[in-house]
Amino acid sequence: MAWTINNGKLYFNSVLYTGNGGTNNITGVGFQPDWLWLKKRNSSSNHFLFDAVRGASKELNSNNNEAEASPANYLSSFNSDGFTIGSDSDINGNSDTLVSWNWLGANGTASNSDGSITTTVSANTTSGFSVVSYTGTGSNATLG
């Protein structure tokens with residue numbers, strides 16, 4: 001399937017920001033992101049991933065095998081033109097330079113029970129992007 005997207009920034013956008021060490025409302029995304037990837041640019045650190053399906057308080061790292069975490073003072077909300085982060089120095093250290101990569105899903109979730117395991121999905125059929133969450137059973141299964 002081929003997609004024709006005249007303005008890719010309607011579905012994906014990156015934003016550079018400077019940390020302030022406190023609550024920081026990042027704007028300029030152009031939409032409410034459903035998947036957010038944050039990375040410090042001025043020093044080494046983890047890659048922090050958040051999605052609207054699991055909720056703003058749930059965080060993953062793409063560069064290690066640590067389990068999902070719910071750290072305090074990381075992401076507090078997805079907003080209509082960006083997101084709000086807390087004071088943690090990993091994603092908002094005072095004067096740190098950071099980047100956010102932002103993807104648009106459906107700005108909401110749907111339940112898909114077409115398989116033997118029901119999934120929770122935020123899908124954007126125009127851009128071909130989706131976030132899917134499910135709980136495995138430990139047995140062979142198909143996902144909705």
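Where is the place of aspartate 34? In this predicted model, the residue is found in the loop that runs between strand S2 (24-27) and strand S3 (35-40). Aspartate 34 is buried but forms no salt bridge, and arginine 54, the nearest side chain of opposite charge, is 12 Å away. The side chain of aspartate 34 instead meets backbone atoms: one of its polar atoms lies 2.6 Å from the backbone nitrogen of glycine 105, and the backbone nitrogen of alanine 106 is reached at 3.4 Å. Apart from neighbours within four places in sequence, the residues in contact with aspartate 34 include Phe50, Asp51, Trp103, Ser122 and Val131.

Aromatic rings form a further set of contacts. A pair of such rings is described by the distance of the centres and the angle of the planes. Eight aromatic pairs are present in the structure. In one of them, the ring centres of tryptophan 35 and tryptophan 103 are 4.6 Å apart and the planes stand at 45 degrees, so the pair is classed as tilted. Because tryptophan 35 belongs to strand S3 and tryptophan 103 to strand S8 (residues 97-103), this pair ties together parts that are 68 residues apart in sequence. Both residues also belong to a cluster in which ring pairs link Phe12, Trp35, Trp37, Trp101, Trp103 and Phe129.

In soluble globular proteins, nonpolar side chains tend to be buried together. The largest nonpolar core of the model comprises 19 residues, and Tyr17, Leu38, Phe50, Leu75, Phe83 and Ile85 have the most contacts inside it. At least two residues of this core come from each of strand S1 (12-18), S3, strand S4 (47-51), strand S6 (75-79) and strand S7 (82-85). Beyond its neighbours within four places in sequence, tyrosine 17 is in contact with residues including Leu38, Phe83, Ile85 and Asp96.

Three salt bridges occur in the structure. One joins the side chains of lysine 40 and aspartate 96 at 3.2 Å, N to O. Since lysine 40 lies in strand S3 and aspartate 96 in the loop between helix H1 (89-92) and S8, the pair ties together parts that are 56 residues apart in sequence. Lysine 40 and aspartate 96 are both buried.

Arginine 54 forms a salt bridge with aspartate 51 (2.6 Å, N to O) and another with glutamate 68 (2.5 Å, N to O). Through these shared partners, Asp51, Arg54 and Glu68 are joined into one network. Aspartate 51 is buried, at 5% relative accessibility, whereas arginine 54 is partly exposed at 23% and glutamate 68 is partly exposed at 41%.

Conventions. Residues are numbered from 1 along each chain as its sequence is written. This is a predicted model: local features need pLDDT of at least 70, side-chain atom pairs count only at pLDDT 80 or more; totals for chains, interfaces and linings use all residues. Side-chain values use heavy atoms; hydrogens and water are left out. Helices (H or I, at least four residues) and strands (E, at least two) are DSSP runs, numbered from the N terminus. Buried means under 20% relative accessible area, exposed over 50%, partly exposed in between (1.4 Å probe, protein chains only). Lys and Arg count as positive and Asp and Glu as negative; His and the chain ends are not counted. A salt bridge is a side-chain nitrogen of Lys or Arg within 4 Å of a carboxyl oxygen of Asp or Glu. A polar contact is a pair of N or O atoms within 3.5 Å; within protein, one must be able to donate a hydrogen and the other to accept it, and residues adjacent in sequence count only if both atoms are side-chain atoms. Contact means heavy atoms within 4.5 Å. Rings of Phe, Tyr and Trp (its six-membered ring) pair if their centres lie within 6.5 Å; planes under 30 degrees apart count as stacked, over 60 as edge-to-face and the rest as tilted. A nonpolar core is a set of buried Ala, Val, Leu, Ile, Met, Phe, Trp, Tyr and Cys residues joined through side-chain atoms within 4.5 Å.
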